[in-house]
Amino acid sequence: MLAVIIENKKRGIHRLCYLFLIFLTGCLVGWVYEEIFYWITEGMLRNRGILYGPWLPIYGIGALGIYAMKPKKKNPVLLFFLCAAVSGIVEYFSHISERAAEFILSKEGEPDDKLQSDCECSQKRTATISGSTVCRRWD
């Protein structure tokens with residue numbers, strides 16, 4: 001009986017490690033994808049993430065969401081639409097949290113002369129969130 005409990009505990013730990021590796025792989029692949037995309041379109045490399053290093057957690061969360069759809073692989077059309085929906089939902093909540101952070105930072109009384117040169121337009125207000133610069137237009 002004790003051996004069965006220990007074996008189940010080991011399986012749970014292995015499963016958690018497997019999910020963590022999927023998350024890290026999604027974070028890294030997403031970061032590489034964005035860096036290549038923006039290097040081609042903008043001609044420069046810039047860390048767009050909220051963490052230090054090559055990690056974009058939104059892609060890791062999306063990878064876990066898509067992995068959760070694995071039982072639906074017998075129906076490819078349903079799988080496609082579910083994966084699209086999961087990716088859209090993750091992106092939507094990421095956008096909402098980014099807007100909330102911008103709103104909170106704009107209400108904290110950041111001085112108007114705090115402009116940084118890495119924004120595309122000199123009339124943008126910037127704020128730093130965990131090492132990442134958020135640019136916001138003055139409207």
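Among contacts in the protein chain (heavy atoms within 4.5 Å) between residues at least 6 apart in sequence, 44% join residues at least 24 apart. The structure is a predicted model, in which local features need a pLDDT of at least 70 and side-chain atom pairs count only at pLDDT 80 or more, whereas totals for chains, interfaces and linings use all residues. Residues are numbered from 1 along each chain as its sequence is written, and side-chain values use heavy atoms, with hydrogens and water left out.

The protein chain contains three helices and two strands, which are DSSP runs numbered from the N terminus (helices: H or I, at least four residues; strands: E, at least two). Along the sequence these elements follow the pattern α-α-α-β-β. Of the 139 residues of the chain, 19% count as buried, a class defined by under 20% relative accessible area, with exposed meaning over 50% and partly exposed lying in between (1.4 Å probe, protein chains only). The chain exposes about 10,500 Å², of which carbon and sulfur atoms supply 67%; accessible areas come from the Shrake-Rupley method with a 1.4 Å probe, and for residues only the protein chains shown count as cover.

The structure holds six aromatic pairs, where rings of Phe, Tyr and Trp (its six-membered ring) pair if their centres lie within 6.5 Å, and where planes under 30 degrees apart count as stacked, over 60 as edge-to-face and the rest as tilted. One of the pairs is formed by Tyr-18 and Tyr-67, an edge-to-face arrangement with 5.8 Å from centre to centre and 70° between the planes. This pair links distant parts of the chain, since Tyr-18 belongs to helix H1 (residues 2–42) and Tyr-67 to helix H2 (residues 57–67), 49 residues apart. Tyr-18 is partly exposed, with a relative accessible area of 42%. The rings of Tyr-33 and Tyr-59 have centres 6.3 Å apart and planes at 75°, so this pair is also edge-to-face. Because Tyr-33 lies in helix H1 and Tyr-59 in helix H2, the pair ties together parts that are 26 residues apart in sequence. Tyr-33 counts as partly exposed at 49% relative accessibility, and Tyr-59 is likewise partly exposed, at 28%. Ring pairs join Tyr-33, Phe-37, Tyr-38 and Tyr-59 into a cluster.

Glu-34 is placed in helix H1 and counts as buried, at 17% relative accessibility. When neighbours within four places in sequence are left aside, Glu-34 is in contact with Arg-48, Leu-56 and Tyr-59.

A search of the whole structure finds one salt bridge, defined as a side-chain nitrogen of Lys or Arg within 4 Å of a carboxyl oxygen of Asp or Glu. In this salt bridge the side chains of Glu-102 and Arg-99 meet at 2.7 Å, N to O. Both residues lie in helix H3 (residues 76–107), three residues apart, which is about one turn of the helix. Glu-102 is buried, at 9% relative accessibility, whereas Arg-99 is partly exposed, at 43%.

Confidence is expressed as pLDDT, the predictor's confidence in each residue, from 0 to 100. The chain averages a pLDDT of 75, and 71% of the residues score at least 70. Confidence is highest in H2, at a mean of 87, and lowest in strand S1 (residues 124–129), at 46. Over residues 111–119 the pLDDT is below 50, and this stretch has 16 contacts in the model beyond near neighbours in sequence. The pLDDT also stays under 50 over residues 121–132, for which the model has 45 contacts beyond four places in sequence.
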